[in-house]
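Take a moment to look over the sequence and the model, and then follow the charged side chains with the text below.

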Amino acid sequence: MPVITILPHQEYCPQGATVEAERGTSICEALLEHGIPIEHACEMSCACTTCHVIVRKGFDSLGEADESEEDLLDRAWGLEPSSRLSCQAILNGEDVTIEIPRYSINHAKE
């Protein structure tokens, strides 16, 4: 099973964490299943950017982003070349390290 290393985030995961997940699981699903409450305002339907993560290790092992994900990422806060929507980033067999950006754009929460 691939391992996801989550770098420390002041709100969701202050100490950082390491979780295991099944191949074929999205990063968002894996985090939620392990009690890391990453935002996902659209309920993982690829309609917002609240679950945006930056993949620091293992980016190439994830399934490719489709055009709708790439279009949404253009609106994400703190976008980097290795950014993904965690609801669309599907784990293959390799471990990944992610960073949850400090802010997200969530008009419903504001």
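Is Glu80 buried, partly exposed or exposed? In this predicted model, Glu80 has a relative accessibility of 30% and therefore counts as partly exposed, since that class lies between the limits of under 20% for buried and over 50% for exposed.

Arg56, at 40% relative accessibility, counts as partly exposed.

Arg56 meets Glu99 in a salt bridge as well, with a distance of 2.8 Å from N to O. Glu99 lies in strand S5 (residues 96-99) and Arg56 in strand S3, so here the parts tied together are 43 residues apart in sequence. Glu99 is partly exposed, with a relative accessible area of 25%, and Arg56, Glu80 and Glu99 are linked in a network of salt bridges.

Another salt bridge joins Arg84 and Glu69, whose closest N and O atoms are 2.8 Å apart. Since Arg84 lies in strand S4 and Glu69 in helix H2, the pair ties together parts that are 15 residues apart in sequence. Arg84 counts as buried at 3% relative accessibility, and Glu69 likewise counts as buried, at 1%.

Methods: Residues are numbered from 1 along each chain as its sequence is written. This is a predicted model: local features need pLDDT of at least 70, side-chain atom pairs count only at pLDDT 80 or more; totals for chains, interfaces and linings use all residues. Side-chain values use heavy atoms; hydrogens and water are left out. Buried means under 20% relative accessible area, exposed over 50%, partly exposed in between (1.4 Å probe, protein chains only). A salt bridge is a side-chain nitrogen of Lys or Arg within 4 Å of a carboxyl oxygen of Asp or Glu. Helices (H or I, at least four residues) and strands (E, at least two) are DSSP runs, numbered from the N terminus.
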